[in-house]
Amino acid sequence: MAWKYYSLVENGREFHSLDQIAQTLVLDARQRDRKSLNQSFKMREAVAYGLERFWGEHLRLQGRSKRDGDEFDCKGQYWKATWDALVRIMQPGGIEIPNDAVDLRHPNTVKAMAGKLWSITVEDQRIILAVLTQLCDAIVWWTQRYKGPGDLPSDEEN
């Protein structure tokens with residue numbers, strides 16, 4: 001299997017690599033809340049657990065959020081933005097990833113979305129996970145560049 005080149009055109013801006021997309025995700029997260037940058041490492045670890053768990057992490061954080069813009073809301077937005085970017089990255093390659101809006105107050109919406117993720121063919125799952133791995137690796141790299149010394153004590157992480 002040959003490597004497929006993935007790029008993304010969004011809002012009139014063309015991203016030529018996963019690296020550029022990752023940099024944008026990190027800078028946006030940093031602007032929302034610097035502490036949310038530590039989620040980058042958790043994202044990379046979560047890839048090993050599959051698409052449904054990666055996708056669902058934004059819901060877990062959203063569920064812990066008490067108000068818009070709090071620490072958990074910012075972390076959840078970072079996960080969701082990364083998921084949304086992955087969905088857009090895969091579209092030109094002909095791989096459609098479900099991305100339904102769900103509501104935690106309506107568990108059937110969450111269950112339906114998870115079911116759609118579980119129904120993706122094994123071949124497509126492998127491709128998606130390979131691209132997600134590369135995206136998360138790039139996110140981690142950019143996070144390491146944009147964290148200031150002493151910015152993000154790891155003991156503080158939830």
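How many residues apart are R60 and E57 in helix α3? The views below begin with that pair, and they show a predicted model.

**View 1. R60 and E57 form a salt bridge.** The two residues sit 3 residues apart in helix α3, so about one helical turn separates them. R60 counts as partly exposed, at 36% relative accessibility, whereas E57 is buried, with a relative accessible area of 16%.

**View 2. E71 and K75 meet through their side chains in a salt bridge.** Here we move to helix α4, where E71 and K75 are 4 residues apart, again about one helical turn. The N to O distance is 2.9 Å. E71 counts as partly exposed at 26% relative accessibility. K75, by contrast, is buried, with a relative accessible area of 0%.

**View 3. D103 and R105 form another salt bridge.** The closest N and O atoms of this pair lie 2.9 Å apart. D103 is partly exposed, with 21% relative accessibility, and R105 is exposed, with a relative accessible area of 68%. For context, a search of the whole structure finds 6 salt bridges.

**View 4. W83 belongs to the largest nonpolar core, which holds 39 residues.** Together with F54 and M90, W83 touches the most other members of this core. Helices α1, α2, α3, α4, α5 (residues 107–118) and α6 each supply at least two of the core's residues. If you set aside neighbours within four places in sequence, W83 is in contact with L51, F54, W55, I97, P98, N99, M113 and L117. A general note to keep beside this view: in soluble globular proteins, nonpolar side chains tend to be buried together.

**View 5. Helix α6 covers residues 122–146.** This helix has 25 residues and reaches 36 Å from its first C-alpha to its last, close to the 36 Å expected at 1.5 Å a residue. Which residues of α6 are buried? They are I127, I128, V131, L132, T133, L135, C136, A138, I139, V140, W142 and T143. What covers these buried residues includes α1 (18–32), α2 (39–46), α3 (51–64) and α4 (71–90).

Key: Residues are numbered from 1 along each chain as its sequence is written. This is a predicted model: local features need pLDDT of at least 70, side-chain atom pairs count only at pLDDT 80 or more; totals for chains, interfaces and linings use all residues. Side-chain values use heavy atoms; hydrogens and water are left out. The expected span of a helix is 1.5 Å times one less than its number of residues. Buried means under 20% relative accessible area, exposed over 50%, partly exposed in between (1.4 Å probe, protein chains only). Contact means heavy atoms within 4.5 Å. A salt bridge is a side-chain nitrogen of Lys or Arg within 4 Å of a carboxyl oxygen of Asp or Glu. A nonpolar core is a set of buried Ala, Val, Leu, Ile, Met, Phe, Trp, Tyr and Cys residues joined through side-chain atoms within 4.5 Å.
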